[in-house]
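Me: I'm about to look at this one for the first time. Can you walk me through it?

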2 protein chains.
Amino acid sequence: MGPGPSDVSPRVLNAMARPTLGHLDPVFIDLMDEIKGLLQYALQTKNALTMPVSAPGSAGMEACFVNLVEPGDKVVVCINGIFGQRMVENVTRCGGQAIKVEDPWGQQTSLQKVKDTLKAHPDTKLLAFVHAETSTGVRNDAASLCALARQYKCLSVVDAVTSLGGIEVDVDGWGVDAIYSGSQKCLSCVPGLSPVSFSPAAVAVIQQRKTPVQSWFLDMNLIVGYWGESGKRAYHHTAPVNSLYALHESLLMLREEGLENAWQRHQRGHEKLYNGLDALGIEFAVAKEFRLPQLNSVFIPEGVDDAKARRLLLESFNLEIGAGLGELAGKVWRIGLMGHACKDRNIDHCVASVAKVIR
Amino acid sequence: MGPGPSDVSPRVLNAMARPTLGHLDPVFIDLMDEIKGLLQYALQTKNALTMPVSAPGSAGMEACFVNLVEPGDKVVVCINGIFGQRMVENVTRCGGQAIKVEDPWGQQTSLQKVKDTLKAHPDTKLLAFVHAETSTGVRNDAASLCALARQYKCLSVVDAVTSLGGIEVDVDGWGVDAIYSGSQKCLSCVPGLSPVSFSPAAVAVIQQRKTPVQSWFLDMNLIVGYWGESGKRAYHHTAPVNSLYALHESLLMLREEGLENAWQRHQRGHEKLYNGLDALGIEFAVAKEFRLPQLNSVFIPEGVDDAKARRLLLESFNLEIGAGLGELAGKVWRIGLMGHACKDRNIDHCVASVAKVIR
């Protein structure tokens, strides 16, 4: 019950242990098509360029920036946690100019500040933000931020690593242009894959670049030859076949449950956790109206030794929770309720165990 | 029995299906240390910076070049197949100047040409070559090429994707400075990981760069914070935990068998395959003295339809072999004898099946 990787269902683990097919085997290619369709369902999009990058979420982030940013491009980046900062690192390493919109950790990105910044920089190419900040537990207002991007004629880039499967992600409804997620959060698949999706407008930008994408491995112009239209699959790199079996199974489970049901299960789980921890006098670090159900930042009670308490939870209660990151290190714990792990039994065990270690 | 991914042992598949631990769990960190030690054994090196990149071999290649190449750097690249060409792509995208030493596909890289080129370009920073060319089945003379790199005061970068575990790879003995491999060839692990190793000289070059590494995800200066000395592990990206279980198990199997025994098994398998195919009148595309045992390129017999024959092998004989790549497309088949797949039963089945489809 940390910030990810989350618990993986035995069904997904079993799927992954099936014999390794060739990455151009016709049966595997059918599976790739199904994965694309299932990802389109999960992301609520018709984007043709929707597929998993063969590496963790950090590489999905990099895939979005290396494909969309050319040297000198202006990118407005919203920062209210560690992953916004990582976006700036990515933009800079692509030779782009990152214009930061900073808000305190634990707060939402201010729409007014973003608006003012876009107004001040009319030549902005991309607006990038984190939908669900894993470092703080804050939900940013993705719909409004994407609307601002459209209004100011730039493309939106959205980090949905922790949001996908846990709260609503509506790529076509919000008009997202580029989005990346991770396999190991609310999808409850094994870590190592990063679903991405690009709108037709983003694809056009990638195809019309003046400079080559600096990463060969992440160049969408090349990857599309492998993940593109069926029947034309050509080798680019060797796909992580077994991890893709796992992703396929976890996405099937999401579709069987239904997106809305999955979101409601996370919300119910969060409320149950809140009630349990509140009764222990533990305070949440994020205001209710933009609190993520799947990532709960709570203040470490006064007098409790952070590392010692987490070690005790792990060793005596078989329970992993996350430490604070960056500014919040030593101040908060991060309790994940992600995917398969978000169930009553776990929440009861968590509250009961935390009650014992903070005594 | 294609050019990879190779067959994965049930033991490795079972290891992979164990419950997902947190990527900072003390038990997992112990496993990481074991993986490092096992990779040092497999690569025959004491290099401290020896670890798996969290993505396939193509990302391992990119990890070597993005860390070692700065804009303007000269890199001599040996090309006698598709992966040498891919190295050039990588160098160019890093802003480096690639100086090509080209030899025909199916031939070894000429040591004399490399020597002449290094002499003509005394400011060369790196000499890069492919040890085992998966696109042709040629073994390049790694020991001599590394000796040339030392003689001309540049660092060596070696692609060992297909060689590691199948033929000798002697990082410290040869004086290799940077090497990458893949999990899915002769290690017979699932695809998706790329073992890499950097010599102290290469590490010094990476630490003394004037420009940041263009990839955040592959920046060794950051990754070392996660994969470096035990007890100091900090989050960089979420490791592909279950795939690392698989790598650990496959490396354990290699150590149990013993490096020399594994090389001999591949050589014996190759000779058996050669004898079987030779008796069918099938000719090998690569001369005996630099033929790889684990990747056998054979000419498609005259009058045989390439795609139809391979489809028949797959559908009626449950056997995958590889198509030719690049210049050799439509001319050769590539038959892999890699790791777990290199055993008598498979070779007998392969020869008997090929005999039937070429009739």
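**Between the chains**

Reply: Between chain A and chain B the count is 2 salt bridges. Keep in mind that this is a predicted model.

Me: Which residue does B:Arg93 form a salt bridge with?
Reply: The partner of B:Arg93 is A:Asp219, and their closest N and O atoms are 2.9 Å apart.

Me: And how many residue pairs are in polar contact between chain A and chain B?
Reply: The count is 15 residue pairs, with both residues at pLDDT 80 or more.

Me: Which elements give two or more residues to the side of chain A that touches chain B?
Reply: They are α1 (10–16), α3 (57–68), α4 (82–93) and α10 (241–257) of chain A.

Me: Which one gives the most?
Reply: That is α4(A), with 5 residues on the side of chain A that touches chain B.

Me: How do the residues on that side divide into nonpolar, polar and charged?
Reply: On the side of chain A that touches chain B, 24 are nonpolar, 17 polar and 8 charged.

Me: How many residues are in contact on each side?
Reply: 49 residues of chain A are in contact with 48 residues of chain B.

Me: What area is buried between chain A and chain B?
Reply: About 3800 Å², and carbon and sulfur atoms give 61% of that area.

Me: Why say the copies meet through the same surface?
Reply: Because 98% of the interface residues of chain A are interface residues in chain B as well.

Me: Changing topic. How many salt bridges are there over all chains?
Reply: A search of the whole structure finds 22. One of them is between the side chains of A:Asp73 and A:Lys125, at 2.7 Å from N to O.

Me: Where do A:Asp73 and A:Lys125 lie?
Reply: A:Asp73 is in the loop between α3 and β2 (74–79) of chain A, while A:Lys125 is in the loop between α5 (111–120) and β4 (126–130) of chain A. The pair therefore ties together parts that are 52 residues apart in sequence.

Me: Is A:Asp73 buried or exposed?
Reply: A:Asp73 is buried, because its relative accessible area is 17% and the cut-off for buried is under 20%.

Me: What about A:Glu89 and A:Arg93, how far apart are they in helix α4 of chain A?
Reply: They are 4 residues apart in that helix, so about one helical turn separates A:Glu89 from A:Arg93. Their side chains meet in a salt bridge, 2.9 Å from N to O. A:Glu89 counts as partly exposed at 35% relative accessibility, whereas A:Arg93 is buried at 14%.

Me: And in chain B, which side chain does B:Arg265 meet in a salt bridge?
Reply: B:Arg265 meets B:Glu257, at 2.6 Å from N to O. B:Arg265 is partly exposed, with a relative accessible area of 21%, and B:Glu257 is partly exposed too, with 26%.

Me: Last one: which residues do salt bridges that share partners join into one network?
Reply: A:Arg11, A:Glu249 and A:Glu256 are joined that way.

Terms used. Residues numbered from 1 in each chain as written. Chains lettered and ligands numbered in written order. Predicted model: local features only at pLDDT ≥ 70, side-chain atom pairs only at ≥ 80, totals over all residues. Heavy atoms only, no water. Contact = heavy atoms within 4.5 Å. Buried area = accessible area lost by both parts, 1.4 Å probe. Salt bridge = Lys/Arg side-chain N within 4 Å of Asp/Glu carboxyl O. Polar contact = N/O pair within 3.5 Å; in protein donor to acceptor, adjacent residues only side chain to side chain. Nonpolar A, V, L, I, M, F, W, Y, C, P; charged D, E, K, R; others polar. Buried < 20%, exposed > 50% of the residue type's maximum accessible area, 1.4 Å probe, protein only.
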